[in-house]
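Colleague: I have a new model open on my screen, and I would like to learn how to read its features. Could you walk me through them?

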Amino acid sequence: MNFDYDSEQQEGQQKIAAVADLKGLEEIRVEYLGKKGKIAAMYAALAGLPDDRKPQEGKKINEFRSHIFHLIEDKRNSLVDKKRQEKKETIDVTIPGVSAPVGHKHILMQTIDEICAIFEGLGFAVQEGPEVETEFNNFTALNIPADHPSRDGFDTFYLKRPDPDGEKGNLLLRSHTSPAQIRIMQAHKPPLAVVVPGKVYRPDAVDASHSFMFHQIEGLLVDENVRFSDLKGLLEVFLKKLFGENIKMRLRPHFFPFTEPSAEVDISCYICDGKGCSVCGKKGWLEIMGCGMVHPKVFEAVGYPKGKYTGLAFGLGVERMTMLKHGIRDIRLFFENDMRFLEQF
Ligand code: PHE
């Protein structure tokens, strides 16, 4: 017996490299490793050798077999991988689809949309105003003169830039959306009905119920013969659409320099239905907005003819409204952008 293991090995290696499918590979495996295959024949031939050559020859056959065995295994693995990959490229319509994550509106923007849509349904237009305002629009025209103590209630961020339109004061970040009233009345004659959503700024320390930036929605309706009962009726319709038909509303006398008379609006607590709980501080009522009849001084500031028109105005805090509607206890949650919070809405 005289096997040339080197050339046998080379030949086997070439055959395995050349084969392109599993069936062909199996034929090669049988040819070499099968019961009647080449390697079996080699072992059989061992018997005819003199004893002193058997160990050496046996070792060579073992090595040859192990080499061929591993080549075949590797090839089998790569052919199976290839087959898997080819399968992936074909479309299996029975596999459930992977849905792509889609973004959505921030909860505050959803509230703004919802509130504006209610007022649009009642005939109001939606308009916006600038966040950088003049002292005139934010205060003076709203009947809040420079030295008036009521300015303290509207703590304000001032900019280092003077108002380019000539007033002595500096520009500022609006502390409420009411200056938009002035811009709207300067640009339009009555009848008008507008809501203005937007950001406002106040230098408050941040805590669970305060933020230096928050959102308001201003409302303004001016015409001849607008009455306080129109204001009350309008707000009642609005609040029932937003919080549900069962909600009760009450007006409490209040003071704003730019409305007279003025009121704060309460709704019955949605949690305890007015019985008193921790959300409403046992009062059964929640304060949710300010309102009133436009002050004659404001009409004067925008140049409307004296005594011709009356108007109603209101302003509400979007964060507070949203917190009440959804039972959210901390205003900071709106601005931390934690997806676990935002994805709930
Ligand atoms: N601007 C007032 C505030 O920020 C709210 C308000 C608006 C009150 C319009 C009356 C009329 O508190």
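**Reading the backbone**

Modeller: Gladly. Let us begin with Pro261, which lies in strand E8, residues 259-268. Keep in mind that this is a predicted model.

Colleague: Which peptide bond is cis at Pro261?

Modeller: The general idea comes first: most residues other than glycine have a negative phi, and most peptide bonds are trans. Here, the bond from Glu260 to Pro261 is cis, with omega near -5 degrees. A cis peptide bond also joins Pro190 and Pro191, where omega is about 5 degrees. Pro191 sits in the loop between helix H7 (179-187) and strand E5 (192-201).

Colleague: Now the strands. What is the order of the three strands in the open sheet?

Modeller: To read a sheet, follow which strand pairs with which. In this open sheet the order is E2-E4-E3, and the pairing is antiparallel. Strand E2 (132-134) and strand E3 (158-162) are the edge strands, each pairing on one side only. On average, neighbouring strands of this sheet are turned by 40 degrees against each other, direction ignored.

Colleague: How many bridges hold the pairing of E2 and E4?

Modeller: Three bridges, in the antiparallel sense, link E2 to strand E4, which covers residues 170-173.

**Reading salt bridges**

Colleague: Next, charges. How many salt bridges does the structure hold?

Modeller: Side chains of opposite charge can pair when their charged atoms come close. The structure holds 16 salt bridges. One of them joins Glu26 and Arg29, with the closest N and O atoms 3.0 Å apart. Glu26 and Arg29 both lie in helix H2 (residues 22-33), three residues apart, which is about one turn of the helix. As for accessibility, Glu26 is partly exposed at 33%, and Arg29 is partly exposed at 28%.

Colleague: Let me try another pair, Arg53 and Glu57. Is Glu57 buried or exposed?

Modeller: Glu57 counts as buried, at 5% relative accessibility. The closest N and O atoms of the Arg53 and Glu57 salt bridge are 3.6 Å apart.

Colleague: Which parts does the salt bridge of Glu114 and Lys325 tie together?

Modeller: The side chains of Glu114 and Lys325 meet at 3.0 Å, N to O. Glu114 belongs to helix H5 (residues 107-121) and Lys325 to helix H10 (residues 318-326), so this pair ties together parts that are 211 residues apart in sequence. Glu114 is partly exposed, with a relative accessible area of 32%, and Lys325 is partly exposed, with 29%.

Colleague: Which residues are linked in a network of salt bridges?

Modeller: Glu8, Glu11, Lys15, Glu31 and Lys38 are linked in such a network.

**Reading the cysteines**

Colleague: One more feature. How many disulfides does a search of the whole structure find?

Modeller: The search finds zero disulfides. Cys116 is in no disulfide, and the nearest cysteine sulfur, that of Cys291, is 18 Å away. Cys116 counts as buried, at 7% relative accessibility.

Colleague: And what about Cys269: how far away is the nearest cysteine sulfur?

Modeller: For Cys269, the nearest cysteine sulfur is that of Cys272, 3.6 Å away. A disulfide needs the two sulfur atoms within 2.5 Å, and Cys269 is in no disulfide. Cys269 counts as buried, at 1% relative accessibility.

How values were computed: Residues numbered from 1 in each chain as written. Predicted model: local features only at pLDDT ≥ 70, side-chain atom pairs only at ≥ 80, totals over all residues. Heavy atoms only, no water. Pairing = 2+ DSSP bridges. Helix = DSSP H or I, 4+ residues; strand = E, 2+ residues; numbered from the N terminus. Axes fitted to C-alpha atoms, helices over the stretch in contact; angles between N-to-C directions. Salt bridge = Lys/Arg side-chain N within 4 Å of Asp/Glu carboxyl O. Buried < 20%, exposed > 50% of the residue type's maximum accessible area, 1.4 Å probe, protein only.
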